[in-house]
Amino acid sequence: MLPTRVTSQRERDRTSALAAGLAATVICWTFAVAFAEARLEYLAPYSAWIYGPVVTAIWALFSAIAYLLIGRHQREKAADEPCEGYRCREFPQVASANWSSVCADPEEKTRLAGITAGFALTISAWVAALSFMPESCLEWLGEAPAWTCCVVSVTLWAALSGGMYRVFRALR
């Protein structure tokens, strides 16, 4: 088994890489919508089931690139200056087999896990709804103001995040 410090560093690197990959994917999609709208309209008749795997593959690619860059930066940083690992000033140094992070208590981790799971379920719900929605509903949704989709998304995300938080808390 790996030492706690190494494991927590890898977890932070993976989390950072996934967040960077998601940000890069969202930025690319935003630019595609802004500057290649005609190309996206050409692809519109295809199912959302094609978009999902493609976007997931792009996210995986960006995340892998970010992970490699983060790892390279960590190796260069370790060669330049020896460090004792990441430590928050607000929390005392804690060494435990069950809790490897020193900056977030288990309750905060559970909240973050609930919010992340709620977001993933919200995106999955939108993909499923748009894939199976009748044509008349899709036309109505296309003509509806953008704020309605935003309100529905935020409400769904809040509800699913709260539910997932309760599930994770019960499992802990």
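Salt bridges first: this predicted model holds 2 of them. A salt bridge here is a side-chain nitrogen of Lys or Arg within 4 Å of a carboxyl oxygen of Asp or Glu. Why do such pairs form? Side chains of opposite charge can pair when their charged atoms come close.

Some ground rules. Residues are numbered from 1 along each chain as its sequence is written.

Take Arg 169 and Glu 107. Their side chains meet at 3.8 Å, N to O. Arg 169 sits in helix α6, residues 146-171, and Glu 107 in helix α4, residues 106-132. That links distant parts of the chain, 62 residues apart. Helices are DSSP runs (H or I, at least four residues), numbered from the N terminus.

Is Glu 107 buried or exposed? Buried, at 17% relative accessible area. Arg 169 is partly exposed, at 46%. The cut-offs: buried is under 20% relative accessible area, exposed is over 50%, partly exposed is in between (1.4 Å probe, protein chains only).

Next, Glu 108 and Arg 111. Their closest N and O atoms are 2.5 Å apart. Both residues lie in α4, 3 residues apart, about one turn of the helix. An α-helix has 3.6 residues a turn, so residues three or four places apart point the same way. Glu 108 is partly exposed at 39%. Arg 111 is partly exposed at 39%.

Back to α6. Its buried residues are Ser 161, Gly 162 and Tyr 165. What covers them includes α4.

Methods: Predicted model: local features only at pLDDT ≥ 70, side-chain atom pairs only at ≥ 80, totals over all residues. Heavy atoms only, no water. Helix = DSSP H or I, 4+ residues; strand = E, 2+ residues; numbered from the N terminus. Contact = heavy atoms within 4.5 Å.
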